[in-house]
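Here are my notes on the model you sent over.

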Amino acid sequence: MNIALLATTAGAACMAMIALFIRMRAIKKPASIKKIILPPFFMSTGMLMFVYEPARLVPLQIIEALTVGIIFSFLLMRTTSFEIRNSHIYMKRSKAFAFILIGLLIARVIFKLIIGDSIEVAELGGMFYLLAFGMIIPWRIYMLIRFKEIEKRYDASINTAEPALSKKVVK
């Protein structure tokens, strides 16, 4: 087996474990718009890799990577939900998230074995980056929409409950 494949797979496995750890810690704190929006912005700095000539992709590679990323984002959307606890909105813990992350790692290894010999390492890195970016953007947009819906519903329930509470206090 190729040593580069082993090294990059080990690196991807470490990143998956870090992502899982961060996600498990994040669900213990209330969600916010800032926490939903900022990760894609931080990740966008990775676009600088395309300044490096060997990492540049042809349009078909870009479309392929983004399409696969969008398809994978639907898995993340299905496992993402929010709940209200202690007057705050929290992400619900999902057991499927760990399995999806492991599945994505396995898919990455399979893709790398299938197309790794026909595509340069830098191009392949760019494709995997775009796959991840194509996955995180729709997922975060979905999260933002769901968060705003729940926030709006919660605010409406508080506003309808306040007159009833104030009447009881007045009496």
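1. Salt bridges to start with: the count comes to four, taking a salt bridge as a side-chain nitrogen of Lys or Arg within 4 Å of a carboxyl oxygen of Asp or Glu. Bear in mind that this is a predicted model, where local features need pLDDT of at least 70 and side-chain atom pairs count only at pLDDT 80 or more, while totals for chains, interfaces and linings use all residues. Residues are numbered from 1 along each chain as its sequence is written, and side-chain values use heavy atoms, with hydrogens and water left out.

2. One of the bridges pairs E53 with R56, at 2.5 Å from N to O. E53 is exposed, with a relative accessible area of 54%, and R56 is partly exposed at 40%. The cut-offs here: buried is under 20% relative accessible area, exposed is over 50%, and partly exposed is in between (1.4 Å probe, protein chains only). M24 sits in helix α1 and is partly exposed, with a relative accessible area of 21%.

3. Another bridge joins E83 and R85, whose closest N and O atoms are 2.8 Å apart. Both ends are partly exposed, E83 at 25% relative accessibility and R85 at 32%.

4. Then there is E149 with R146, bridged at 2.7 Å from N to O. These two are three residues apart in helix α5, so about one helical turn separates them. For helices and strands, read DSSP runs numbered from the N terminus: H or I of at least four residues for helices, E of at least two for strands. As a reminder, an α-helix has 3.6 residues a turn, so residues three or four places apart point the same way. E149 counts as partly exposed at 38% relative accessibility, and so does R146 at 25%.

5. Have a look at the loop between β1 (82-85) and β2, where N86 is found. N86 has a positive phi of about 50° although it is not a glycine, and it counts as exposed at 66% relative accessibility. S87 is in the loop between β1 and β2 too, with a positive phi near 65°. For background, most residues other than glycine have a negative phi.

6. What holds the middle of the list is the nonpolar core. The largest one has 33 residues, and F82 and W139 have the most contacts inside it. Here a core is a set of buried Ala, Val, Leu, Ile, Met, Phe, Trp, Tyr and Cys residues joined through side-chain atoms within 4.5 Å. At least two residues of this core come from each of α1 (3-26), α3 (59-78), β2 (88-91), α4 and α5 (121-170). The largest share, 13 residues, is from α5.

7. Which residues does W139 touch, not counting those up to four places away in sequence? They are R23, S73, L76, M77, T80 and F97, where contact means heavy atoms within 4.5 Å. Q61, in helix α3, is another one to click on: it counts as buried at 10% relative accessibility. Leaving aside neighbours within four places in sequence, Q61 is in contact with I119, E123 and M127.

8. Helix α4 passes a simple length check: its 21 residues should span 30 Å at 1.5 Å a residue, and the end C-alpha atoms are 31 Å apart, which agrees. The expected span is 1.5 Å times one less than the number of residues. Its buried residues are F97, I100, L101, L104, L105, A107, V109 and K112. Among them, A107 has 16% relative accessibility, and its C-alpha atom is separated by 34 Å from that of I84, 23 residues apart along the chain.

9. Last, the surface. I102, I106, I110, L113 and I114 make a nonpolar patch of about 490 Å². Patches use residues with over 30% relative accessible area and no salt bridge, joining like charges within 9 Å and nonpolar side chains (Val, Leu, Ile, Met, Phe, Trp, Tyr) within 5 Å. Accessible areas come from the Shrake-Rupley method with a 1.4 Å probe; for residues, only the protein chains shown count as cover. I106 lies in helix α4 (residues 95-115) and is partly exposed, with a relative accessible area of 48%.
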